[in-house]
Structures are given as C-alpha cells and as structure tokens.
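User: Hi! Could you walk me through a few helices and strands in this one?
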Amino acid sequence: MTHRILLAALTAFGLSAAALAQSAPTPLQARYDTAIPDLESALGHDFGEEITPPEEAVDYLRTLAEAAPDRMQVFDYATSWEGRDLVYAVIGSAETMARLDGIRADLQALADPRGLSGAERDTLIGRLPVIVWLGYGVHGDEISSTDAGLRTAYHLLAATNDPVANTIRENALVIIDPVQNPDGRNRFINSFTQARGLQADGYRYAAEHDQPWPGGRHNHYLFDMNRDWFIMTQPETRGRTAAMLDWRPMVIVDAHEMGGDQSYFFPPVADPVNPVLTEEQLEGHDIIGQNHAMWFDRIGSDYFTREIFDAFYPGYGDTWPMMQGGVAMTYEQGSARGLVWTRRNGGDLTYADGVTNHFIASLSTAQAAAENRERFVRGFHDVRAAASTIAEGPAAILLSRETNRWGAERLARLIARQGIEISRIAGGTTACGTALPEGGFHIDLNQPAGQLARTLLQRDTPLPDDFLDAQEDRRTRGLDHELYDVTAWSLPVMFNVDSTECANRPNLPGDAVTADEPMPAEAAASARFGYVIPWTDAGQARLVAALAADGVPMRTAASEFTIQGETFPAGSVVIARASAPAHLDSLMRLHARTIGAVYAGLDTSWTEDGPNFGSSQFADIVAPRIAMAWGEGTDPNSAGGLRYVLERRYGLPVTVIRAATLARADLSGFDVILLPEQRGGGYAAEIGETGAASLSRFAQAGGTLIALGDATRFITDPEINLLPLRRERAADTPTGNGAGETALVPGSVIEDNGALQAALEPRNARPDTAPGALLNVTANADAFLSAGYSQGAAAMVTGSDIYTAVPLDEADTVLRFAGPDTLVASGHLWEENIAQTAYKPFLVSRRTGAGFVVAFTQDPTARGYQEGLDLALLNAVILAPARSWRLR
C-alpha cells in the first residue's frame with residue numbers, strides 16, 4: 001500500500017514516524033498483509049486521497065470480504081430510494097466468525113433478561129464478544145467518515161503489527177456501516193466533481209464547496225435521517241434499525257462532520273441528557289472518551305467535549321441505539337467539504353486529515369470496548385434488565401382506537417418496529433379507568449425496551465430543572481438558549497391518538513402486534529344505493545384519493561348527516577352506484593383492504609337528518625392535480641417532507657416546479673399549489689411580486705394555494721397580501737422609531753438597575769425561538785377544512801413566528817392554538833411564548849375568487865412525524881378543490 005497520505009498526515013501533525021516509534025506503535029505505523037487488497041489497488045486512490053463514491057465503497061467492502069471470507073462478511077440491509085445498496089460488514093477473528101449464528105442467538109437471549117438465571121446470564125456474558133457498531137455518513141455531504149470506515153475495515157483485516165487491532169479481533173465483533181446515505185453522498189460528489197478544477201481549492205466560497213440546492217446532506221426525499229430513527233419513514237432507517245435489533249450492539253458510533261473551522265468532538269455529551277439514560281451508560285462515554293483523548297494527544301489532533309451535542313432527543317443515531325441498552329456516541333469532525341479547506345487561521349484542513357481522525361476514533365472506540373469487553377456486555381444486560389423493573393412513573397400505556405382508528409393502527413406497528421412489545425386490546429375493554437369500546441393497544445413500560453418505550457410514549461419527557469434554570473438565566477442576559485433540538489416527541493400526541501398512562505400494570509390479555517401485519521379493514525357488503533366513507537382519519541382520506549384516481553365519482557358533505565340510523569361527520573364522502581364504474585364493489589374492497597380503511601353500505605339516499613346528497617352542501621370530489629415549489633428559495637427539509645407525505649404515505653403524485661419558474665409557468669392545469677418553508681432569500685427573492693401575482697391569479701381562477709410554516713410570511717407580506725395575517729413582534733417589546741429616526745433623540749435619565757434593563761431591551765424584537773414543543777390546537781366546527789378534528793390535535797411549534805388573530809369577516813381560522821392553561825401538550829415553551837401564542841391561528845383559509853388561499857403557520861409535515869396533522873393537510877389538498885368554483 002502507498003503510505004503518502006499517512007505520512008502527509010503525520011507531517012501535518014508535526015510528528016515523525018521515528019518520534020512516534022519511541023513510544024508504543026500507533027495504527028498509523030502498521031504493516032499490512034499484502035494478501036488483503038488496499039484501497040489503491042482496488043479503486044485507484046489511497047485512503048483520504050479522493051472522495052470514494054458510494055457504489056465503490058460498497059464494492060471495496062465486498063472485495064475485502066472475498067479476500068478474507070473467514071474473518072469478514074458483508075450483509076445487504078436496505079435499498080435506497082434511488083436503488084443503491086446499503087450494506088454492513090461484520091469483522092472478527094476466524095473463531096468468532098465461525099459461530100455468528102450462535103452469537104446472534106445469544107445476543108437475543110441477553111437482550112431479554114427476563115427469565116435468565118444468574119448462571120445463564122454469566123455464561124452468556126462470558127462467551128459473547130462485545131458488539132461494536134460503527135456507522136458513517138448519515139449526512140451525505142459529511143464525507144470523510146465513509147473513507148475512515150473503509151480504512152478501519154482494511155486495518156482490522158490486514159494490520160500485522162498493531163496490538164490494538166489484535167485486541168479488537170480477540171474480544172470484539174465490529175460492524176461497519178460505511179455509507180448510511182448513498183443517495184446524498186452521490187449528490188455531493190456530483191456537484192463537487194462538476195466544480196472541480198486543476199487543483200483542489202481551499203477557498204471556502206469556491207464552487208466546489210458551495211453545494212447547489214438541496215445539497216448532499218439529505219437522502220432522495222430530502223430527509224435528515226439523523227432525525228428519523230424513531231419515526232422510521234425512510235427505507236434506509238428501517239433497514240438499519242432492523243439490523244441493529246438483530247445484532248444488539250453494545251457500543252455504537254454515528255460519525256459526522258461539522259464546520260471546517262472546528263476540530264473534533266466526542267463525548268462526554270452536553271446537557272441536557274434524557275432522563276431514561278443511566279449513569280452507567282454515561283460512564284461508558286467517559287471510558288471511551290478518555291481513550292480518544294490519549295490517541296488524539298499522541299497524533300497531535302485537537303478535540304473538544306461536553307459542548308453543543310446533547311443526548312436528549314431520541315431520534316438521533318446515538319440516542320435511539322443508546323435507549324436500546326447500549327453506549328452510543330456522536331463523533332463530529334471539522335469538514336473539508338471537499339479535498340481541502342482553508343481555515344480562518346490560514347491553515348489547511350485536508351480530506352485526509354478528517355479520514356485519519358475518524359479512523360483513529362473508530363479504532364479507539366473498538367479498542368476501549370474490547371479492553372472492557374465484560375463491562376460493556378454486562379452493562380448492556382443490566383440496562384435492559386433494569387428497564388423491566390422501574391418503579392417510578394407510569395407502568396403502562398393504553399392507546400385507543402376510538403377517535404383515530406387508522407392512526408392508532410399505524411402507531412402500533414411503528415412501536416412494534418422499534419423492538420417494543422405491544423399487544424392488541426379487544427373491543428369493549430375497560431382498563432385504568434378508560435373505556436375502549438373499539439379496542440386499542442397495551443404497552444407494558446416495564447420491558448427490556450422500556451427506556452425507549454417510556455421516552456417515546458409518555459406524554460412528556462421533562463428537561464432537568466437545573467438545566468432550565470440555566471437557560472432562563474441565559475435568556476435574561478440576552479444569550480441564546482442551548483437546546484439543540486425539539487423538546488417534545490410523544491408519539492401518541494403527534495399521531496393524535498388518545499392515550500392513557502396507567503399507574504399500575506393492568507392484566508390485559510392480547511395478541512402481540514408485529515410491525516408488518518396487515519392493517520385491518522372494515523369493508524361493507526354490497527349495497528343497493530352505494531357507499532359512504534366516514535371522514536374520520538387520514539386512512540379514509542387515502543381511500544378517497546385512491547378512488548378518485550380511479551375515476552370514481554364522489555361527493556363530500558359540508559356538515560354531518562344521519563342515514564340508516566347512523567350519523568356521519570362533516571367531510572364524509574358518498575358514492576352513488578348509478579354513476580360509478582361497473583366494478584365499484586371490487587375497487588372498494590381492494591383499496592380498503594390495501595389501506596386498512598372503513599366504509600359502510602347504503603341501501604337508500606334518504607337522510608333522516610342533515611343535508612340530502614343532492615344539496616349544495618355536497619360537493620364533487622376531484623382527483624387533485626398537485627404542484628409544489630421546489631429548489632432554490634425553499635427549505636429542502638420542508639420540501640422533502642411535504643412531498644414524501646403526499647406521495648409515499650397517501651399516493652398523491654406531486655409535480656415539483658422550481659420556485660423561480662412559478663412566475664412564468666402555466667399553472668392552470670393544477671388544482672393545488674403548495675409552498676413549503678423557505679430558505680435563503682426565500683420566495684421574495686425567487687418569485688417576487690410577479691410570481692405572487694401569478695399565484696393570486698391561480699387562486700382567483702379556482703385553485704387552492706397552500707403555504708406551510710414560514711412560507712406564510714411571504715403570502716402575508718403587506719406588499720403581497722394574499723392572506724390578511726400579520727406576524728407579531730414580541731409582546732411588550734419596546735418599539736423603535738424605524739425609518740424616521742434622526743441623529744438626535746430625546747434625552748433620558750436611568751434611575752435604577754430596573755430602568756437600565758428596560759433601556760437595554762431590544763427594539764422591535766421578535767418572540768424568542770420556541771424550542772420545539774407540541775401545542776394543542778382546537779377546531780372551528782364551522783370551517784369545512786376542520787373536518788375530522790372535533791377533538792382537536794397537537795402541532796409542533798418551532799421558531800418565533802406568531803400570527804395575530806384574524807377577524808371573522810376577513811378569513812376563517814380553521815384551527816387555533818388552545819388557551820394558555822391547556823396550550824402545551826408536551827415539551828417546553830417559554831412562559832412569554834405561552835401567553836402570546838394562546839388562541840392564535842394555526843390553520844387559516846380564505847376564499848379568493850373561485851379558489852382558496854390556505855396557510856399553516858407551522859409546518860405540519862416537518863420530519864414526517866406529525867401524522868396526527870396529515871388529515872388537516874389532506875383536507876386542504878382534497879376537500880378545498882372539491883369546493884372550488886372553477887368551471888370544469
């Protein structure tokens with residue numbers, strides 16, 4: 001193997017190989033078995049010399065496995081949206097690899113300590129290797145970790161004189177997931193290659209560092225997959241979590257990159273720490289972190305700990321595995337975002353530097369785990385055993401099917417996919433003081449996966465009091481708070497599923513739910529007149545969308561009606577056999593069973609109460625033709641989440657149009673245009689007043705324009721004024737003189753410290769940024785877009801946008817935030833934000849000409865995890881076009 005990259009790295013560190021050799025050997029000085037192909041012989045470049053494409057990274061792992069099949073195997077675990085293989089490699093000694101099936105069986109036994117005797121437990125711990133999972137590149141433009149993973153695999157197979165590698169091989173089974181996001185990595189490499197010149201350019205504003213929209217961070221559907229671990233929307237995440245539940249790793253790494261002017265981060269983590277994690281797990285961070293410090297000192301690399309990156313949100317690539325019982329860590333390397341990056345101090349950070357640091361941290365992790373094999377294996381057992389016997393907090397969770405049947409069924413399967421035990425409750429059951437006439441689901445929180453179950457299913461995960469006190473102190477001093485991500489993620493709340501927390505464990509019989517079992521449908525027998533689809537949940541809307549795509553004529557009700565003794569809510573959809581296709585019955589059964597939906601038969605059109613089907617209160621459903629803004633000016637996370645929810649969850653095709661093109665595009669062929677959240681210059685820069693005028697004409701002509709989150713800023717700007725909403729300043733904030741200010745202002749006297757603080761208050765300040773809380777919303781029963789929300793819902797609120805209440809004669813407030821006493825459903829919100837957000841609009845609509853303008857003041861599709869708000873989006877996408885006055 002050529003070692004010029006290694007020698008260059010050593011020179012950059014200011015150390016010579018001879019100086020290092022005066023102490024114990026380092027992995028950078030290893031001699032390698034020539035029977036194991038190095039990267040250069042396989043791909044034509046050395047480690048860190050080029051950015052290895054995702055397909056070549058996978059091919060190289062397969063090449064290594066072919067060279068040493070007794071010590072390495074490669075397993076396929078998923079296929080990306082764009083058809084790329086996702087694989088992991090398992091590496092160990094020949095003796096360990098020969099008993100892989102037995103090891104996996106032992107791991108499953110250890111992962112469920114219930115019923116294990118002390119002797120059985122000790123036998124398992126004595127014979128199991130420590131399982132180390134090394135994951136790389138979940139963000140596709142965080143590039144160096146993938147090549148570090150390849151280098152780690154090569155080193156563990158080929159190093160002949162490294163005592164560290166020997167220790168790892170003897171005591172550990174190392175799993176390497178080299179490319180967690182192949183589609184994003186490929187996108188980054190394409191843009192980098194297209195901009196590349198004669199030599200690598202370290203100038204930070206050079207095109208090779210300036211990624212075009214959407215950048216390489218996200219996967220195909222533009223999801224940040226480091227937020228997807230518990231919601232599991234993406235195939236990459238589902239495959240990876242299933243593999244982890246198969247292998248039950250005890251030590252887990254998720255390797256990332258950060259800004260190129262920074263050094264290297266590894267745990268201990270920053271505050272806050274999720275309260276379900278144990279001191280023993282955090283002590284594991286210390287053991288591994290101190291080993292890293294020793295190695296980074298020896299090679300001369302800077303690092304930092306306990307800053308920025310916390311362990312509170314359970315959707316990260318470190319917290320989700322940690323809540324399965326392991327010790328998991330995020331590593332962050334300053335990124336060259338190419339082959340070289342010139343730092344602010346004038347020095348150069350090379351791609352090879354990043355690869356070397358991640359390589360050393362990877363080996364150091366496996367070394368610390370191997371040298372403390374019994375400690376980490378036993379610790380994994382102890383965490384899962386303790387999770388089965390927790391006395392504090394609720395003992396169980398019940399989920400009801402009463403008000404959101406389809407959402408409850410989907411949530412139950414998601415819970416099962418996490419490795420959390422969940423069982424079905426029969427209809428007519430009463431438990432924990434809760435009646436479940438339609439049945440539901442039971443989760444015993446005292447189970448091996450109890451850490452994860454508790455944080456995902458309890459209504460709230462509290463922040464530590466001392467941490468909150470510190471944040472309030474920072475805010476009083478004009479400093480930003482230190483919350484890295486959202487503070488709320490309760491799955492029942494986000495799915496809008498009624499849940500009950502039981503103080504004691506109920507004795508409830510029931511069958512275990514599995515992740516892939518079919519959704520139950522309730523299909524009616526053939527009926528003379530036709531059918532009715534109750535508008536009760538998003539599954540029903542999906543059924544309507546599928547039938548509309550097949551050309552089935554349908555009508556939706558503006559108000560509830562009673563027929564054949566049963567009352568159906570507003571939004572419900574009626575299908576008359578006389579105007580339907582001849583194969584209506586088979587279509588209904590097929591779609592309902594595929595989706596898991598419900599419909600009832602009608603022998604007559606006679607309603608006992610409410611409007612008749614020929615009333616103007618019924619409107620014709622259309623198969624909506626949907627377009628959305630895309631590209632520069634839009635936020636990739638929002639655009640991707642919105643497109644994913646509509647296309648993959650509800651089967652609604654979406655035409656994506658670059659934002660700048662909206663001003664000149666012929667929009668007359670669409671029923672709906674969606675504006676996801678903004679980024680950069682936003683819509684003002686991309687489409688401006690000309691594009692806004694085009695969007696206004698679209699709505700006037702009968703289209704439905706829908707803005708999500710901060711796209712509402714654009715359509716409510718006074719210069720655009722497509723909707724009469726106005727964004728508020730912080731309540732009671734001092735007001736400056738604005739454009740009328742002069743060089744001289746009135747004199748003032750500051751009498752005391754209180755007056756000083758008042759003088760220092762920012763002028764025209766916006767509300768402080770909400771740290772991601774779930775807030776209750778209530779419905780306006782008179783608005784047709786509120787169909788299905790008679791019990792309200794909860795919405796994730798982030799940022800600082802709060803909109804003023806809208807007069808009834810100017811627009812319909814469909815959903816508004818609850819009052820201050822009941823506003824916060826889960827998470828933390830500053831007291832002044834609670835007071836100012838209470839009763840303010842969440843979903844607003846206005847008829848404009850023949851069509852509608854609709855705004856969600858927060859993005860309901862963010863991260864794809866607010867399924868309880870999907871029906872509100874579908875109301876806007878399906879029901880609003882039905883009530884358009886467009887001539888068809």
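Analyst: Happy to. One definition before we start: the expected span of a helix is 1.5 Å times one less than its number of residues. Also, keep in mind that this is a predicted model.

User: Good. How many residues does helix α6 have, and how far does it reach?
Analyst: Helix α6 covers residues 100–111, which is 12 residues. From its first C-alpha to its last it reaches 16 Å, close to the 16 Å expected.

User: Which residues of α6 are buried?
Analyst: Leu 100, Ile 103, Arg 104, Asp 106, Leu 107, Leu 110 and Ala 111. They cover an arc of only 160° around the axis, so they lie on the same side of α6.

User: Why would residues three or four places apart point the same way?
Analyst: Because an α-helix has 3.6 residues a turn.

User: Switching to strands. Which strands pair with β5?
Analyst: Strand β3 (residues 130–136) pairs with β5 in the parallel sense, over five bridges. There, Val 132 stands opposite Val 251 of β5. Strand β9 (residues 327–334) also pairs with β5 in the parallel sense, over eight bridges. In that pairing, Asp 254 stands opposite Thr 330 of β9.

User: And what about the faces of β5, covered or open?
Analyst: Both are covered. Val 251, Val 253, Ala 255 and Glu 257 are buried on one side, and Ile 252, Asp 254, His 256 and Met 258 are buried on the other. With eight of its eight residues buried, β5 is therefore largely enclosed by the rest of the structure.

User: Last one: how many residues of helix α17 are buried?
Analyst: Eight of the eight, so helix α17 (residues 450–457) is largely enclosed by the rest of the structure. Among them are Gln 451 and Arg 454.

Note on methods: Residues are numbered from 1 along each chain as its sequence is written. This is a predicted model: local features need pLDDT of at least 70, side-chain atom pairs count only at pLDDT 80 or more; totals for chains, interfaces and linings use all residues. Side-chain values use heavy atoms; hydrogens and water are left out. Helices (H or I, at least four residues) and strands (E, at least two) are DSSP runs, numbered from the N terminus. Buried means under 20% relative accessible area, exposed over 50%, partly exposed in between (1.4 Å probe, protein chains only). The arc is that of the directions from the helix axis to the C-beta atoms. Two strands pair if DSSP finds at least two bridges between them.
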